[in-house]
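Please prepare a briefing on the structure shown below.

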Amino acid sequence: MKRIEALEILVDRTPDAPVVATCAATSRELANVADRDNHLYLLDAMGLAISVGTGLALAVDQTAVDRVYVVEGDGSLLMNLNAAATAGYLAPEKLVIALLDNSVYASTGAIPTQATKIDLGAIAEASGLKVLRANDQESFAAALEQAAAEPGPWFIHAKISPENIPNAKLLLIDPVVHGHRFQSWLTGRI
């Protein structure tokens, strides 16, 4: 499964849910699939998507928002493993983390990450997250369906191939304007 294929499946299932995306190729590809007000792209904030998503899931706990989705990469997670431990410790039931694990830093020349030897799903499970595994489009879609139907926090460990889509548009949006766009959308939902 390619990252773009996983993102297309995620976008299909999250038209009205907050989606927090890690930086670089993941955010660019998500914006290429659908640039929506409910998408929060963490530009230049590698390692913080799960932290932001956890805080958001805690903040919307008693609201009409059903789930908060986080799209994370293995390299970004490895920069801040504490984020998974904190998410497991705080255990927000509305949190769904989709780890798109290609075992490389795809945005910087496909340099291998420690995920080539370390099972990040096992780390998530040891941190108290409910882990589902996916390695193709069907199993990823099924994992998202289960995570949407049952209380979390969920961690979907999806193995993907390492390539980026060619010619993905850059995200040149002003982070302040982008943050305000997401905040306005979220305020209208809660």
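**A buried serine and its surroundings**

S127 is buried, with a relative accessible area of 18%; buried means under 20% relative accessible area, calculated with a 1.4 Å probe on protein chains only. The model is predicted, so local features need pLDDT of at least 70 and side-chain atom pairs count only at pLDDT 80 or more, while totals for chains, interfaces and linings use all residues. Residues are numbered from 1 along each chain as its sequence is written, and side-chain values use heavy atoms, with hydrogens and water left out.

**Position of S127**
- S127 belongs to the loop between α6 (120-126) and β7; helices (H or I, at least four residues) and strands (E, at least two) are DSSP runs, numbered from the N terminus.
- Leaving aside neighbours within four places in sequence, S127 is in contact (heavy atoms within 4.5 Å) with A84, A85, G88 and Y89.

**The sheet**
- An open sheet is formed by 6 strands in the order β2-β1-β3-β4-β8-β7, with parallel pairing; two strands pair if DSSP finds at least two bridges between them.
- Because β2 and β7 stand at the edges, each with a single partner strand, one side of each is left without a neighbour in the sheet.
- Strands β4 and β8 pair in the parallel sense over 6 bridges, and A98 has I156 in β8 as its bridge partner.
- Helix α7 packs on the sheet, touching β3, β4, β7 and β8, and its direction makes about 175° with that of β8; axes are lines fitted to C-alpha atoms, for helices over the stretch in contact, and angles run from 0 to 180 degrees between N-to-C directions.

- Strands β7 (residues 130-134) and β8 (residues 154-159) run parallel and are joined by 5 bridges.
- From β7 the chain crosses through helix α7 (residues 137-149) to β8, and this β-α-β crossover is right-handed (with the strands pointing away from the viewer, the path from the first strand over the helix to the second runs clockwise).

**The nonpolar cores**
- A nonpolar core is a set of buried Ala, Val, Leu, Ile, Met, Phe, Trp, Tyr and Cys residues joined through side-chain atoms within 4.5 Å.
- The largest nonpolar core has 29 residues, of which L30, Y69, V71, L100, F140, L144 and I156 touch the most other members.
- Apart from this core lies another, of 28 residues, among them L56, A83, I97 and A124.

**Helix α2**
- In helix α2 (residues 25-33), the buried residues are A25, T26, S27, E29, L30 and A31.
- These buried residues pack against α1 (3-13), β1 (19-21), β2 (39-41) and β3 (68-73).

How values were computed. Buried means under 20% relative accessible area, exposed over 50%, partly exposed in between (1.4 Å probe, protein chains only).
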